[in-house]
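Please consider the following structure, shown with its sequence.

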Amino acid sequence: MSDFKPQIVLFCCNWFSHDGADLAGTSILHGAPHLRVIRTMCSGRVEPSFILRAFKSGADGVMIAGCYAGDCHYMSGNYKSQRRVMLLKKTLPQLGIGPERLKLDLISAPEAPKFPSSVNEFIHEVTELGALNVAKAGAN
Amino acid sequence: MIVTTQKPLDEILDFISPYKNILIVGCDGCTQPPRGIREAETLSQLLDLGGKLRNKEFNFKVNTLVKQCDSHLTAVALKDMIDDDVEAVLSLACGLGPQTIAILYPELPVFPAQNTVFIGAEEREAGTIEERCAACGDCVLGLTGGICPVSRCAKSLLNGPCGGSQNGKCEIDPEKDCAWALIIERLEKLGRLQDLEAIQPPKDHQAVARPGKIMP
Ligand code: SF4
Ligand code: SF4
Ligand code: FES
């Protein structure tokens, strides 16, 4: 395997299982220096334009982590997020960007310990897909 | 509401590729799904990304208008949005939007980002938007229990149902309700089933001479 290290942006909801996020912090970050974690107050805060901006700025994969269905702190943010991701997954291929480069994970508290492996899995998948050749110049 | 779907990004990119400074305008009016400032912003990001993949750099200004088909409102608001730098406008409104802007700015290229598909209403439960009126110019809702057979019956029958109505579904598409089954159900509830007996003459397709024009 090549030593390609994908750039991954992870939008992480503030409220979904703190343990999970902490675990992720310790067990993933060491292994993946190209992972950028951005904390938002809710997965619903992550507008499509944020995701697109991440890709435009050179991300090879974007992941969003939010609360499990029914557990969103703001009631419906995670459902909005689900809808948006679904629509974006349909739109991105029009630009030649595979839908696999975008992942939404809604995690329940008991499943929190599995979160790091879900992120690692995503990093692995994106590594397999290879670099997304969005010209790196002029990104803002 | 006027229902639109977004054009393929490649088509939009082809339109705008000759230009760099482009104004993208949403419409806060009746168009559905919403095509306001958020959607305009998202589209600008998508096109930015698409441009990068084509090695093309755009400079977008993003804004929205109250009702693009209102030429007065649009003229006033566009004055502040269009300066000498703007080379083209991309509109997220229904087909009326680009046409209104084109008249206001004859020298500026205006492109549609949407395909205008029908006049529809929201079905909240199903989470869909469905066609409900075909602007036929001779409304028959008074005879059909408030359900439009012109837009909802696949054959636009005025004396339905046809023989293909099966268990309330249409033979053309078993996913879709037979409009006439709905009409009968509704008339029954209203105690007006006798309305069905009246034979409707063939529709006058000249009720609106196209292109339509009225004095408001
Ligand atoms: S321009 Fe079209 S979408 Fe916008 S308000 Fe007018 S009719 Fe509705
Ligand atoms: S009959 Fe149907 S298409 Fe004709 S005006 Fe009425 S609602 Fe619209
Ligand atoms: S608060 Fe966590 S997804 Fe909304």
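**Helix 2 of chain B**

In helix 2 of chain B, the buried residues are A40(B), T42(B), L43(B), S44(B), Q45(B), L46(B), L47(B), D48(B), L49(B), G50(B), G51(B) and K52(B); buried means under 20% relative accessible area, exposed over 50% and partly exposed in between, with a 1.4 Å probe and protein chains only. This is a predicted model, in which local features need pLDDT of at least 70, side-chain atom pairs count only at pLDDT 80 or more, and totals for chains, interfaces and linings use all residues. Residues are numbered from 1 along each chain as its sequence is written, chains are lettered from A and ligands numbered from 1 in the order in which they are written, and side-chain values use heavy atoms, with hydrogens and water left out.

- Helix 2 of chain B is mostly covered, with 12 of its 17 residues buried; helices (H or I, at least four residues) and strands (E, at least two) are DSSP runs numbered from the N terminus.
- The 17 residues of this helix (residues 37-53) should span 24 Å at 1.5 Å a residue, and the end C-alpha atoms are 24 Å apart, which agrees; the expected span is 1.5 Å times one less than the number of residues.
- Just after the helix, N55(B) takes a positive phi of about 60°.

**Helix 4 of chain A**

- Helix 4 of chain A (residues 115-129) has 15 residues and reaches 21 Å from its first C-alpha to its last, close to the 21 Å expected at 1.5 Å a residue.
- Its buried residues are F115(A), P116(A), S118(A), V119(A), F122(A), I123(A), V126(A) and T127(A).
- An α-helix has 3.6 residues a turn, so residues three or four places apart point the same way.

**Sheet of chain B**

- In chain B, 3 strands form an open antiparallel sheet in the order 1-6-7; two strands pair if DSSP finds at least two bridges between them.
- Strand 1 (2-6) and strand 7 (128-133) of chain B are at the edges, each with a single partner strand, so one side of each has no neighbour in the sheet.
- Strand 6 (residues 114-123) of chain B is joined to strand 7 of chain B by 5 bridges, and I119(B) stands opposite C133(B) in strand 7.

**Ligand surroundings**

- Ligand 1 is surrounded by residues including C27(B), C30(B), K67(B), C69(B) and C94(B), each with a heavy atom within 4 Å of the ligand.
- Around ligand 2 are, among them, R132(B), C133(B), C136(B), C139(B) and C148(B).
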